[in-house]
Amino acid sequence: MAQEKDIVCRSCQSKGIAIRIKSVGQLCHCCFIGVVERRIKKNVRLNHRFKKDEKVLVIDDSSTKSRVMIYLLDHCLGGLPVYIKIRKADVSSVALPDLDGFNKVLLPLSADDQAEAFISWLFGKDNKVESPKSVPFLSCLLDEEIEAYARAKNIPLSKGSLSPLHKDILYFESKYPGLLHGLLKGASFFKDASNGRKIIGNP
C-alpha cells in the first residue's frame, strides 16, 4: 500500500509529502508521476506503438484502472490523430467479434492482472482465447502504483473485489518486490516455448 509521509524524495531530495512504494522507493508526487508516465510511454513505444489514423477501442469498466488508462492514453498519444471509441463494458465480457473494425483494443489490465492470468493459464484454469489486438495497457504498472498515481492526479478511486489468487500474488509481491515484473518478463517466452500448451494441470 502506498504510504504518504513527511520524508525526503530519493530522486530530487526535496522534503515534504512523498509516496513510498517498495517497487520504486520513496518519491515526491512530482517524481513519482514522472516515473509512471515514462514507464507507460516506454511500454507503448516498445510493445504497442500507435500509428496515425488507427482505430482504437478502449474498454472502460468504471474501475480506477480504466480511469487511469484513459488519462494516460491521452498523455501517450501526444496529439497523434487516432480514432478512439470508449465502450463501457466488463473486461471479461469482451468477445472477439466485438473487435472487428478496430486495430487495437485497450484493456485496463495491470501487472497484477497479467500475472494472475498467466498463473491461471499455467495451471490449466484459463482457456480464454486472446485477440492479437488486445493491449493490456497498464501491464507495466502494479495495482498499488496505479492507485498511488490516481491519488496524486486526483483521479476518482473505485474499489473492486480481489480473487484469492490475486490476494496471494499481492502477498508474495510485498515479500519479494519485483516478483511480478520478473514473472511477466518470462510469461511471453514461456507461452511461446510451450506452443500454447498447459505445462501443469490438465492438457
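Which residues does isoleucine 86 touch, not counting residues up to four places away in sequence? In this predicted model, isoleucine 86 touches Val58, Asp60 and Ile70 once those neighbours in sequence are set aside.

Isoleucine 86 belongs to strand E5, which spans residues 83-88 and stands at an edge of its sheet. The residue has a relative accessible area of 45%, and because this value falls between the limits of 20% for buried and 50% for exposed, isoleucine 86 is classed as partly exposed.

## The parallel sheet

Strand E5 is part of an open sheet of four strands, arranged in the order E5-E4-E6-E7 with parallel pairing. Strands E5 and E7 (134-138) each have a single partner strand, so one side of each is left without a neighbour in the sheet. From one strand to the next, the twist averages 35°.

Strand E6, covering residues 104-110, runs parallel to E7 and is joined to it by four bridges; leucine 106 stands opposite valine 135 in E7. Helix H2, made up of residues 64-77, packs on this sheet and touches strand E4 (55-60) as well as E5, E6 and E7, while its direction makes an angle of about 95° with that of E7.

## A nonpolar surface patch

On the surface, a nonpolar patch is formed by Tyr171, Phe172, Tyr176 and Leu179, which together contribute about 440 Å² of accessible area. Phenylalanine 172 is located in helix H5, a helix that runs over residues 164-175.

## The chain as a whole

Six helices and seven strands make up the secondary structure of the chain, and in sequence order they follow the pattern β-β-β-α-β-α-β-β-α-β-α-α-α. Among contacts in the chain with a separation of 6 or more, 73% are between residues 24 or more positions apart.

The chain has 203 residues, of which 41% count as buried. Its accessible surface comes to about 11600 Å², and carbon and sulfur atoms account for 54% of that area.

Terms used: Residues numbered from 1 in each chain as written. Predicted model: local features only at pLDDT ≥ 70, side-chain atom pairs only at ≥ 80, totals over all residues. Heavy atoms only, no water. Patch = residues over 30% accessible without salt bridge, like charges linked within 9 Å, V, L, I, M, F, W, Y side chains within 5 Å. Areas by Shrake-Rupley, 256 points an atom, 1.4 Å probe, with all protein chains shown as cover. Salt bridge = Lys/Arg side-chain N within 4 Å of Asp/Glu carboxyl O. Helix = DSSP H or I, 4+ residues; strand = E, 2+ residues; numbered from the N terminus. Pairing = 2+ DSSP bridges. Axes fitted to C-alpha atoms, helices over the stretch in contact; angles between N-to-C directions. Contact = heavy atoms within 4.5 Å. Buried < 20%, exposed > 50% of the residue type's maximum accessible area, 1.4 Å probe, protein only.
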